[in-house]
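Trainee: Hey, I've just opened this one up. Can you walk me through what I'm looking at?

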Amino acid sequence: MRVGDIYIDALGTWLPEPYSAERAVREGLYEAVDFEENGLLAARVAGPGEAPAEMAVRAVRQLAERRGGDLSDVDLLVHAGSSWQGPEGWRPASYIQRRTVGGTGPAWELTMGCLGGLTALEVAAGFLSGDDSRRTVLFTSADNWSSPVVDRWRSFPGVVLGDGASALTLGRQPGFARLLSVNTGGVPDLEGMYRGSEPLFPGTSLQRPVLDFRMRATAYKESEQDSSEAMMLSAKVQLELIDRSLEEAGLGRAGITRVAYVNYARMATRMWLCDPLGIPMSTSTWEIGRHIGHIGPSDQLVSLDRMLTDGELGPGDHVLIAGLGPGMTLGSAVLEIVSRPSWLD
């Protein structure tokens, strides 16, 4: 989708303190071989009582402060998370709305896992383009993996799970970054990789077994003869989506300044992103993410905030945002930095 007339005017983040991966190895939480192979140095770890919705509220408060305190122009709130968000049957988006923007507008929740941020960009672009009276969309995301049913160091291959929250406002008024394009897609042949051999119904939500995506991926590969072909297809689709977003933004791969990506291990980042695009690891946000951990839909936004704060991006630079999530779903977007964020002055 070619965009070009929608802007990001503010970002907000909230991160707890880091927990060293080296310490996790010493304490028997993290395998030494994974520590050596993955290159991941830390995970941000929140307390077990830190509710993701409240973490998102903190990110919105930083965003509001950076915007000058006014959120009255928000016409839609969209929330996404990957971890358990709260009581069954309850919706965190409405809680975040009540604690931040208020009003009587809609509050939506995206259950897209790690692709929630990119999906929200596409949703926001469509929402704003559909009615000229709509002004601003507020996106929030938060995850806390401090749960007895999740092992943040072992549940996912090539990943350590981090905690944190992010917020972003997109609208028609000029901001520091312009959304040039956004595209999402999927390879449903890989949905079984995230399901494994677990039944679809009645499911295991009441028992809440420890989450183990390594075991699910193994069960999927053993039951699906075409799993390798599906993985190759997903890599092809991701590259097609990236090239489509770049073309719609009027850029080639050489025009990419930085790539905000999922906070994966070294090998996964190289295999899924850098090698296919022909870019060095230094162009990606791996160096940022290896100190944070994978915080679901917030990965790319936290990295974008860090690059802006550290002065690594300036007017005229172009940021490719890329990611993937369960399903398998994939997406990409291109941002143009048009000015220095006002809160940095």
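Predicted model: local features only at pLDDT ≥ 70, side-chain atom pairs only at ≥ 80, totals over all residues.

Trainee: Okay. How many helices and strands does the protein chain have?

Mentor: There are 10 helices and 11 strands in the protein chain. Its radius of gyration is 19 Å, close to the 20 Å that the globule rule gives for 345 residues, so the chain is as compact as a globular protein of that length.

Trainee: And what does the C-alpha trace span along its principal axes?

Mentor: About 50 × 45 × 40 Å.

Trainee: What share of the residues is buried?

Mentor: Buried residues account for 54% of the 345 in the chain.

Trainee: What about contacts along the sequence?

Mentor: Take the contacts between residues at least 6 apart in sequence: 77% of them join residues at least 24 apart.

Trainee: Let's zoom in. Where does S141 lie?

Mentor: S141 is in strand β6, which covers residues 136–143.

Trainee: Is S141 buried or exposed?

Mentor: Buried: the relative accessible area of S141 is 0%, and the cut-off for buried is under 20%.

Trainee: So what does S141 touch?

Mentor: Leaving out residues up to four places away in sequence, S141 touches several residues, including H79, A80, G164, S166 and P297. With A80 there's a polar detail too: a polar atom of the S141 side chain lies 2.9 Å from the backbone oxygen of A80.

Trainee: New topic. Where is V150?

Mentor: V150 sits in the loop between β6 and β7, with β7 covering 164–171. V150 has 15% relative accessibility, so V150 counts as buried.

Trainee: How far is V150 from I321?

Mentor: They're 171 residues apart in sequence and 27 Å apart in space, going C-alpha to C-alpha.

Trainee: Last one. Which form does the peptide bond from G327 to M328 take, cis or trans?

Mentor: That bond is cis, with omega near -5 degrees. In general, most peptide bonds are trans.

Trainee: And where does M328 lie?

Mentor: M328 is in the loop between β10 (318–325) and β11 (329–337).

Terms used. Residues numbered from 1 in each chain as written. Heavy atoms only, no water. Helix = DSSP H or I, 4+ residues; strand = E, 2+ residues; numbered from the N terminus. Rg over C-alpha atoms; globule rule 2.2 N^0.38 Å. Buried < 20%, exposed > 50% of the residue type's maximum accessible area, 1.4 Å probe, protein only. Contact = heavy atoms within 4.5 Å. Polar contact = N/O pair within 3.5 Å; in protein donor to acceptor, adjacent residues only side chain to side chain.
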